[in-house]
Amino acid sequence: MKKIAHAPTLLRSLQRGICGLCLMACCIHYLLAQSNGLTEVIQFGSNPGNLKMFVHQPPSTGAATRPLIIVLHGCGQSAADVAQLTGWNKLADLHQFVAIYPQQKFLNNPNLCFNWFNPRDIAKGQGESESIYQMIAYALPQYAIDGQRIFVTGLSAGAAMSVVLMATHPETIRSGAIFAGGAYHIANNPIQSAQALLGDLHPTQAKMIALIDAQNPQYTGHYPDIIVYQGNQDPIVHRSNADLLVAQWAGLHGIDTIPDHVQYAFAGIQDITRKEYADSAGRPIAIKYEVNNMGHRVLVKPGAAESEGGQTGVFGMDKGFHSTYQTAKDFGLIPNK
């Protein structure tokens with residue numbers, strides 16, 4: 001009769017198997033990053049959130065300083081995945097800005113989601129949000145970044161973590177583009193995060209503003225502008241989250257949540273509605289793109305033209321509109337034509 005292996009032996013075998021799988025995943029992610037024009041930076045700070053940092057730096061043209069975009073991937077993705085999905089590197093090369101891609105680790109979250117609901121990761125100076133901020137601090141002198149032109153964007157959990165960065169470092173981020181994300185700190189644990197995604201949490205605007213004020217008690221400067229993209233049929237992030245985002249950031253800027261300008265069939269696409277929420281000077285502080293007949297995806301338009309790019313698939317949908325290109329225009333990274 002065959003003997004059953006001793007429990008410690010089984011445990012060691014299991015641990016070796018897990019380590020092997022992790023090593024294989026790391027190798028695959030590394031090769032994908034290299035093939036997508038990304039370079040990993042190993043030492044960029046104390047890295048309390050235990051994240052990876054990848055950079056895409058276009059060839060220098062001698063400009064004194066360049067803008068910076070932080071691009072955060074969604075659950076189950078890597079830096080290389082989101083670079084390929086969105087097409088940011090192409091625009092970075094064309095318009096001379098640097099792109100940083102933070103990457104989650106399996107040990108932090110087995111689903112490779114950024115922990116946007118964990119209080120230890122979303123408070124100023126702590127965890128994952130601090131690691132991302134340290135990436136920015138590293139990049140400023142290393143890549144000659146214009147400190148007045150730093151932007152952040154992300155999808156899903158990466159979108160929610162983008163909001164965290166905007167909330168904890170408003171003096172650093174000029175504007176953020178949030179694709180299927182949620183308001184800052186409305187969830188404190190995995191159960192609440194699920195409720196938030198489903199649209200079952202209904203915090204007041206005053207409470208949402210107070211959550212950000214608490215991170216910046218002495219701050220009197222300008223808060224970042226915000227761009228929100230939301231699919232109306234998103235089964236993972238309910239569209240009410242987009243309304244909460246607009247309410248939170250409109251409140252920070254002291255403007256109301258009634259759109260000042262609405263464009264139906266934006267850019268000639270029947271399914272896209274663009275809403276602008278402006279300050280007293282008429283400058284859009286918040287922009288919301290509502291996309292009908294779209295779930296948990298971003299809009300891409302594969303092609304070689306400047307206004308085309310990205311990749312269709314699980315997270316990318318082609319409606320003849322490249323949301324990355326439009327975001328770059330809204331950020332002012334490329335001129336409006």
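Start by selecting glycine 37, which is partly exposed because its relative accessibility is 33%; the classes are buried under 20% relative accessible area, exposed over 50% and partly exposed in between, with a 1.4 Å probe and protein chains only. Glycine 37 sits in the loop between α1 (7–35) and β1. Helices (H or I, at least four residues) and strands (E, at least two) are DSSP runs numbered from the N terminus. Show what lies around glycine 37: leaving out neighbours within four places in sequence, its contacts are Val55 and His56, where contact means heavy atoms within 4.5 Å. A C-alpha distance to draw here is glycine 37 to phenylalanine 54, at 9.5 Å for 17 residues along the chain.

This is a predicted model, in which local features need pLDDT of at least 70 and side-chain atom pairs count only at pLDDT 80 or more, while totals for chains, interfaces and linings use all residues. Residues are numbered from 1 along each chain as its sequence is written, and side-chain values use heavy atoms, with hydrogens and water left out.

Next, colour by pLDDT, the predictor's confidence in each residue from 0 to 100. The chain average is 91, and 89% of the residues score at least 70. Residues 1–5 are below 50, and this stretch has 1 contact in the model beyond near neighbours in sequence. Residues 18–31 also stay under 50, with 6 contacts beyond four places in sequence.

Zoom out to the whole chain. It has 337 residues, 53% of them buried, and contains 10 helices and 12 strands. Among contacts with a separation of 6 or more, 66% join residues 24 or more positions apart.

Now select the strands of the sheet. Ten of them, written as 10 strands in the order β1-β2-β4-β3-β5-β6-β7-β10-β9-β8, form an open sheet with mixed pairing; two strands pair if DSSP finds at least two bridges between them. From one strand to the next the twist averages 20°, with axes fitted as lines to C-alpha atoms (for helices over the stretch in contact) and angles from 0 to 180 degrees between N-to-C directions.

Inside the sheet, pick β6 (residues 175–179) and β7 (residues 225–231), which pair in the parallel sense over 5 bridges. Alanine 177 stands opposite isoleucine 227 in β7. From alanine 177, step to threonine 327, which touches Trp88, Ala177, Phe179 and Tyr229 when residues up to four places away in sequence are not counted. Threonine 327 belongs to helix α10 (residues 323–331). Is threonine 327 buried or exposed? It is buried, because its relative accessibility is 0%.

Then show the largest nonpolar core, of 46 residues, where Tyr184 is one of the residues with the most contacts inside it. Such a core is a set of buried Ala, Val, Leu, Ile, Met, Phe, Trp, Tyr and Cys residues joined through side-chain atoms within 4.5 Å. Helix α6 (residues 157–168) supplies the largest share, 7 residues. A second, separate core has 37 residues, including Leu85 and Phe331.

Centre on tyrosine 184: beyond four places in sequence, its contacts include Val163, Ala167 and Leu211. Finish at leucine 211, in helix α8 (residues 205–213), which touches Tyr184 and His185, not counting residues up to four places away in sequence.
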